[in-house]
Amino acid sequence: MGEFAYVAPTSVADALDVLREHANNGRRAQMLAGGTDLLVQMRGLDKAPRTIVDVKKIEEANRLDIGSDEIYIGAAIPSAALNENAALKALLPGLIEAADLIGSTQIQGRATLGGNLCNASPAADTTPAMIVNRGVCVIASGGGNRELPVEAFCTGVGVNALADGEFLLGLKFPHPAARTGDAYLRFIPRTEMDIAVAGCGVSVTLDADGRCVDAAVGIGAVAPTPLKVEAAAEALIGTKVDDDALAAAGAACTAAASPITDKRGTVEYRRKVVAVLCRRTGAIARDRALGAS
Amino acid sequence: MAEAVDLRVVGTTPVRPDGVDKVTGRAQFGADLNMPNMLHGRILRSPHAHARIKRVDLSKALAMQGVYAAVSGADFPMLASGEVSGEAGGDLADIARNVMARDKALYHGHAVAAVAATSLEVAEQALDAIEVDYEVLPPVLDVLEAMAADATLLDEQCFTKGLSETPDKPSNIAAMVKLARGDLEAGFAAADVVVEGEYRIPMAHQGYIEPHACTATVNEEGKATVWCCTQGHFDFRTMTAHILGCKIADLKFIASEIGGGFGGKTVVYLEPVAVMLSKKAGRPVKLVMTREEVFRATGPTSGSVVRVKVGARKDGRITAAKAWLAYEAGGLAGAPVGPGVMSIFAPYDLDNFLVEGYEVLVNKPKVAAYRAPGAPQSMHAMEVALDDIARQLDMDPLDLRLRNAADEGTQAPYGPKFPPIGFKACIEAAKKHPNYLAQVPEGAGRGVAAGFWFNIGMQSSAEVRINEDGSVVVMEGNPDIGGSRASMCLMAAETLGVPYEQVKTYVGDTESTGYCMVTGGSRTTFATGMAVVRACEDIIAECKARAAATWGVDKDQVEWQDGTAVPAPGVNADVNPLSLADLAASASATGGPILGKASLNAQGAGASFSINFADLKVDKETGAVEVLSYTAIQDAGKAIHPAYVEGQMQGGAAQGIGWALNEEYIYDQDGVMENAGFLDYRMPVASDLPMIDTEIVEVPNPSHPYGVRGVGETPIVAPLGVAANAVRDAIGIRINDLPMSPPRILAALDAA
């Protein structure tokens, strides 16, 4: 593993100081939450020296609030804690399922939503699930906190919207409206311990007649960044999220995808499977919304 | 063979003697040994799949603080071709060039130089300081393109072996193997149905959990001690001595516990390099591969193209069979095309056949043995062809195989007449198996295929020592991969007539026990087991002699019963029976410690046949395959420890299913493997598979005291055909190429 220094600031201000000081001196600083991506990178290709800034001692990065208007999830909360939170699971089942797909039980004791997002992998499972739940990033910045929709956070493969001196503090989600359901599915060739070949999250809100009044669709592993697919959401809104509507939404996902052929799948395969996932995910989200009504 | 009745402990399933230390983490594996002043070695590997090495300059690396030694190909003697090490090794000149490249790098990851330094970090930095000038050459990656007359050559001195006349021009075809019998043309003319196909399978890795690791220390007299994870430390010693040009007596090899091998640890990679580095550094040197190195530079088994054509009459009798095999050897010769040719038709009684196999050099890792080396690739094609015939004839696939099954007296395609074999017994067991009698679940497909492996015997030694308290020490020289210490204890306890718990089996190093060939070829329980039984018989003879001396009777008047010497019936001796403990306690008065020994070159390893079948379900929208049930039926001759026989059957099935469904070496156009890790080299995880159901058939091998046939390799053969045939049944489309990954299945569905 490459050489590194380690600091664990206990406040946002201290953490920002560390980042600013490093930036001013041309030194590299990197945030650590669970480290499930970072430590692997440090043992592998990227062994350059750096300062590791642990966010886990900062209160705002560890806070979990389930309010009547808003849900706040600190960026450093391990996914095992989220998976075991019954209230959260009842409100955002699709998001929690996505978190539960990542890693083994041991890894989930470390892995975080914040880290998954900051790593900016196109295949990150929680990112489409956060997008469809209208997630907003709370970013600690020298000028105070700033906010950014999750779908705008990843700007390229492994690249995110954080400027020098900033770090991700937490994620906010509006409290789901009545008769809302979300879901996330990914396709992997194995049953676990794998990375998505394609992924799709769907959230739908139905009216009392079961007609879709609001929807969001997010896809992963089929473009350089996870995408929010407005056309797929539009294909669902106003429908009863029936097979025809789901097929139209799936087709919109295929159209929005710009995948590559690589060791995990071909362009043709990913375009097809993202539509299949959209149909299946949408049906689960719809059934959840109906069950919630 | 001995009476198969009244066995007391053979056939029971006690806990393995090495089990507790393995589950508690105390067991010492290859990388676990550390020594004072030990250095850490790293290997520089070629960044090119095919390149001439113009210059290697180690001087900048050697000048670095903390770097104690550096070596490259120039530090190793050149070996003349043709020196062959045992069954597992292959041509030593090729093994030597694989251990360290000389004039050419033949695959991406080929070792080019190595360093030893005070830490891994310093060693890594030293690798960066080594200067290598390469002349990059076009990589040859496709086996059929490599065979073309105008192909780029990997080795200008490669003249195809096995042809009636040595060719006058070099090629990438290292060897050709051919078997034939009867009149092929007449056979096909007599057929009512003829099927043919071409089947491609990419390289696959053994996937053992423990990466290769060793520590070597060379003392001031030039004597080396090497600790390593290996399937055979005696053969590792021989290979290392040849590669380094030193004496066997100057090398001591100690085998650690081993975290899987599957054939891939029958050949040296690190050990000669570690010894050379230690010799130069004057300190112990440890070399441990990363998982990426394991994928890029060890194993795998051959990728293959197999063409097969089979004809049969309406009643299912095969009239003719023809096959053409091309196996990738990797950058250096050593592909298992011979066993591929010999095994493809082995389960069947054929009058007319022709099979030709070609071993082809390509710029990929030099292949190593992998469970039944060469058989899964060729037999997959035959088992798929038989499935196609069964469909065309509307015949049960088991009945078709039974109609043509080899039996005792059948002349095997590779020559000898079979002694008693269990293929028909396996088919009959399958026909009666509840899983076969059950309906195929809605939406699923069922596949059937046969498996086979020759098995080998060869040389083994064993010693048995009686401790002062009568407890028994078995000392032998085969690293225990699949529970062999338990099997040795069982056979020794059975033969001596003592409880299992009274016997301990140890795997000795190369100086504490006699030669044992590698743990491979499914030979250990058969051959080393036979040596252990003979050594126990030696003990019994010695004990009878001592009892006779004690009692003052002739030794012929003593019998051995239930672990005690007793007077033979009719012998008028008023004496108490003498147990092993009694005899051990009085040993000082009767001739000293009691020892038994045996060494042999075991003959008559019985072939092991199998029938496997499975129900698979295909998600037609994603191409994903789910294994609903899998049943493996195999002839073990006699299962010494049935639970470990079942473990072999289940493990082989899991590996074969992985090979069939998802595992493959994926290369880019430059010959760089793109998936050199367990994330993207997709072996099955536990949740991918159901419990593999097993049924052990026992048709005793007359050449072994307890009837043993090797069981370790046959299990991986059938699953490829089983999966292919089940997918065919499920989706109505024949997919010829493996792996049947989701994109390949979905593309086939879309094209239909």
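Here are some questions and answers on a helix pair and a sheet in chain B of this predicted model.

Student: Why are H13(B) and H14(B) called roughly antiparallel?

Tutor: Their axes cross at roughly 160 degrees. Angles over 145 count as roughly antiparallel. H13(B) and H14(B) are therefore roughly antiparallel to each other.

Student: Which residues make the contact of H13(B) with H14(B)?

Tutor: From H13(B), residues 397-404, come B:Leu398, B:Asp399, B:Arg401 and B:Leu402. In H14(B), residues 423-432, they meet B:Phe423, B:Lys424, B:Ile427, B:Glu428, B:Ala430 and B:Lys431. These contact residues divide into five nonpolar, no polar and five charged. The crossing itself is left-handed.

Student: What makes S3 and S11 of chain B the edge strands?

Tutor: Look at the strand order, S3-S5-S1-S12-S9-S10-S11, in an open sheet of seven strands with mixed pairing. S3 (67-72) and S11 (251-255) each pair on one side only. From one strand to the next, the twist averages 20 degrees.

Student: How do you know that S3(B) pairs with S5(B)?

Tutor: Pairing takes at least two bridges. Five bridges join S3(B) to S5(B), residues 111-117, and the two strands run antiparallel. B:Ser72 stands opposite B:Ala113 in S5(B).

Student: Which helices lie on this sheet, and which strands do they meet?

Tutor: H8(B), residues 233-244, packs on the sheet and touches S10 and S11 of chain B. Its direction makes about 145 degrees with that of S11(B). H9(B), residues 271-281, lies across S1, S3, S5, S9, S10, S11 and S12 of chain B. H9(B) runs at about 135 degrees to S3(B).

Methods:
Residues numbered from 1 in each chain as written. Chains lettered and ligands numbered in written order. Predicted model: local features only at pLDDT ≥ 70, side-chain atom pairs only at ≥ 80, totals over all residues. Heavy atoms only, no water. Axes fitted to C-alpha atoms, helices over the stretch in contact; angles between N-to-C directions. Helix = DSSP H or I, 4+ residues; strand = E, 2+ residues; numbered from the N terminus. Parallel < 35°, antiparallel > 145°, perpendicular 65-115°, else oblique. Left-handed = near helix turned anticlockwise from the far one by under 90°. Contact = heavy atoms within 4.5 Å. Nonpolar A, V, L, I, M, F, W, Y, C, P; charged D, E, K, R; others polar.
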